[in-house]
Amino acid sequence: VPSEAQALLGMAVVDESARVRRGAARSVAGLGPVKGRALLERLLGDREPSVLSLAAAAAMECGATWATARLVELTNHTDSAVVLSAVQSLMVLGGADDAQLARVAAHPDGEVVKQVLHEGCSFPSVLVQAVRSLADPRWDVRVAAAQALQVSGNAGQHLAALEAARAKETDPLADDALLAAIETLKAR
């Protein structure tokens, strides 16, 4: 019963145990963006990173566009899982802009960079970061950069960077991704 669920979740979001608050964060999206707003706002202000990450995902799941400002704040969090969840939610909710993605694309955690490259490759600032990421020490980040350029790049701007990166590439998977991107841009 929705009213009983709301009362139970109301108790769970203020519980001492992070495990209970995580459970609330997993469930609050079922109330919807309006009925669950007060509870979700509380969860998006939690001190525990695992709760914040789940709350950001709940905002995305229930379409809580009102949470965009808080999700932008969470992209500055010290915990990479929180940043990942906030970026994904912003992308789905349509709250991401070029400047935000440029900042997050320069994150020190390669997993965050890969997420931004995959989900934000239609943004010009992300393509700029993709070119930079072709020289990343992590092969998987270089693959994500090549894939982003393959999807949204153009030969005039990005082909030379891809070819230069391929000439230096030592990883076979990254080399395959670079070759695929080069071939796609040449075919456009």
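Residues are numbered from 1 along each chain as its sequence is written, and side-chain values use heavy atoms, with hydrogens and water left out. As the model is predicted, local features need pLDDT of at least 70 and side-chain atom pairs count only at pLDDT 80 or more, while totals for chains, interfaces and linings use all residues.

The secondary structure comprises 13 helices and 0 strands, where helices (H or I, at least four residues) and strands (E, at least two) are DSSP runs numbered from the N terminus. The pattern along the sequence is accordingly written α-α-α-α-α-α-α-α-α-α-α-α-α. The C-alpha trace spans about 60 × 25 × 25 Å along its principal axes. Of the 188 residues, 46% count as buried; buried means under 20% relative accessible area, exposed over 50%, and partly exposed in between, with a 1.4 Å probe and protein chains only. Contact denotes heavy atoms within 4.5 Å. Among contacts between residues at least 6 apart in sequence, 58% join residues at least 24 apart.

Two packed helices are described by the angle between their axes and the distance between the axes. Axes are lines fitted to C-alpha atoms, for helices over the stretch in contact, and angles run from 0 to 180 degrees between N-to-C directions. Angles under 35 degrees count as roughly parallel, over 145 as roughly antiparallel, 65 to 115 as roughly perpendicular and the rest as oblique. Helix H2 (residues 18-27) and H5 cross at roughly 10°, and their axes come within 8 Å. The two helices, H2 and H5, are therefore roughly parallel to each other. On the H2 side the contact is made by Ala18, Arg21, Arg22, Ala25 and Arg26, and on the H5 side by Ser50, Val51, Leu54, Ala55 and Ala58. By class, the contact of H2 with H5 holds 6 nonpolar, 1 polar and 3 charged residues. In this classification Ala, Val, Leu, Ile, Met, Phe, Trp, Tyr, Cys and Pro count as nonpolar, Asp, Glu, Lys and Arg as charged, and the others, Gly among them, as polar.

Helix H5 (residues 49-62) also packs with H7, at an angle of about 10° and with the axes 8 Å apart. That angle makes H5 roughly parallel to H7. Here Pro49, Leu52, Ser53, Ala56, Ala57, Ala59 and Met60 of H5 meet Ala81, Val82, Ser85, Ala86, Gln88, Ser89, Val92 and Leu93 of H7. The contact of H5 with H7 has 11 nonpolar, 4 polar and no charged residues.

A cavity is a set of points, on a 1 Å grid over the protein atoms alone, where a 1.4 Å probe fits but cannot get out; lining residues have an atom within 4 Å of a point. Grid points are joined across faces, edges and corners, and a volume is the space filled by probe spheres set on the points. The count comes to 1 cavity of 30 Å³ or more, and the largest cavity holds about 30 Å³ of space. Its lining consists of Thr75, Val87, Leu90, Met91, Ala96, Gln100, Leu101 and Val104. Helix H7 (80-93) and helix H8 (98-105) each supply at least two residues of this lining. The lining has 6 nonpolar, 2 polar and no charged residues.

Thr75, one of the lining residues, is found in the loop between helix H6 (68-74) and H7. Thr75 counts as buried, at 5% relative accessibility. Leaving aside neighbours within four places in sequence, Thr75 is in contact with Val83, Ala86, Val87, Leu90, Arg103 and Val104.

Leu162 lies in helix H12 and, at 0% relative accessibility, counts as buried. Beyond neighbours within four places in sequence, Leu162 is in contact with Leu134, Ala146, Leu149, Leu178, Ala181, Ile182 and Leu185. Lys186, in helix H13 (residues 172-187), counts as exposed at 55% relative accessibility. Apart from neighbours within four places in sequence, Lys186 is in contact with Leu159 and Glu163. The C-alpha atoms of Lys186 and Ala155 are separated by 6.3 Å, although these residues are 31 residues apart along the chain.

Key
1 Å grid on protein atoms, 1.4 Å probe; cavity = no way out; pocket = protein on both sides within 12 Å on 5 of 7 lines; lining within 4 Å.
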